Amino acid sequence: MSWSREVRAEDLMEVLFTEQPRPAPIQLPGFQNSPHTWNRRRLGLDCDEVYPDIFIGDASTVRDKQYLKEIRVTHVLNCAEGRRAGHLNVNSWYFQDADIKYMGLPLEDIPSANIEDYFQCAAHFIDCALYNGGRVFVNCMMGVSRSATIVMAFLMLRRGMGAVEAVRAVRRRRDVWPNAGFLHKLAALHNRLRLQRLQHQRCTRGSHFYLPLPYASIGAPMAQP
């Protein structure tokens, strides 16, 4: 389907219900294939590679700088920056000795949070990291709502996926569950990008210089964060 029609938050909720992630136990990134490393709770680690070189994980994992170095993380995007409950109080100084670049988003995991205000800057941060051969760890407190929504928006803005495709791609690799408000924001983003594509096609159809709109090119990053 991708861009063939508009989507609603209800469509994305249906994807979450029908697209089941891989059954546990799932091997943690960076570990050898041995049963004793499958117990995430015992290890105090919880993350998954949901797209090549993009990891989603929880607060305890992103604090473990040694583990981040072992899985060759170069960039951290903290979607729960702050000192209040439900937030993680780390900053760029925390990761300086690990040579990890950092971006923090002061988001709350509530439906009314204006997460869409951060879609573009977060997508740029992730895209720059990947373009320069890096690996990105995107976290919130549990690694299921704020961080997942930001990665889904990235896939839509920079990898040409529609909302359904982006939600399905992440859900297949991690048991994520964005809140209802965030699903509405993703649906709105999909419908806005779809309209832009249709307008582009109308403006360029029949033109001698017509070129198909590439996958959101929205393009190669202009600068490294």
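Predicted model: local features only at pLDDT ≥ 70, side-chain atom pairs only at ≥ 80, totals over all residues.
**The chain as a whole**

- The protein chain contains 8 helices and 5 strands, and, read from the N terminus, these elements follow the order α-α-β-β-α-α-β-β-α-β-α-α-α.
- Of the contacts in the protein chain that join residues at least 6 apart in sequence, 72% link residues that are at least 24 apart.
- The accessible surface of the protein chain amounts to about 11500 Å², and 52% of this surface belongs to carbon and sulfur atoms.

**The sheet and the helix packed on it**

- An open sheet is formed by 5 strands, which are arranged in the order 1-2-5-3-4 with mixed pairing.
- Strand 1 (47-51) and strand 4 (101-104) stand at the edges of this sheet, and because each has a single partner strand, one side of each is left without a neighbour in the sheet.
- Neighbouring strands of the sheet are turned against each other by 25° on average, when direction is ignored.
- In general, the strands of a sheet pair through backbone hydrogen bonds, and this pairing may be either parallel or antiparallel.
- Strand 3 and strand 4 are paired in the parallel sense, over 4 bridges.
- Helix 5 (residues 119-131) packs on the sheet, where it touches strand 2 (54-57), strand 3, strand 4 and strand 5 (136-139), and the direction of helix 5 makes about 165° with that of strand 3.

**Asn-78, a residue in strand 3**

- Asn-78 lies in strand 3, which covers residues 75-78, and its bridge partner in strand 4 is Gly-104.
- Because the relative accessible area of Asn-78 is 0%, and the cut-off for a buried residue is under 20%, Asn-78 counts as buried.
- Leaving out residues up to four places away in sequence, Asn-78 touches Leu-88, Val-90, Tyr-102, Met-103, Gly-104, Leu-105 and Asn-139.

**Cys-140, a residue annotated in UniProt**

- An unreviewed UniProt entry lists Cys-140 under "active site".
- Cys-140 is placed in the loop between strand 5 and helix 6 (146-158).
- Although Cys-140 sits in a loop, its relative accessibility is 2%, so Cys-140 counts as buried.
- When neighbours within four places in sequence are set aside, the residues in contact with Cys-140 are Gly-57, Asp-58, Ala-59, Cys-79, Ala-80, Ser-145, Arg-146 and Ser-147.

Methods: Residues numbered from 1 in each chain as written. Heavy atoms only, no water. Helix = DSSP H or I, 4+ residues; strand = E, 2+ residues; numbered from the N terminus. Buried < 20%, exposed > 50% of the residue type's maximum accessible area, 1.4 Å probe, protein only. Contact = heavy atoms within 4.5 Å. Pairing = 2+ DSSP bridges. Axes fitted to C-alpha atoms, helices over the stretch in contact; angles between N-to-C directions. UniProt positions renumbered as here; feature names shortened; annotations may be inferred. Areas by Shrake-Rupley, 256 points an atom, 1.4 Å probe, with all protein chains shown as cover.
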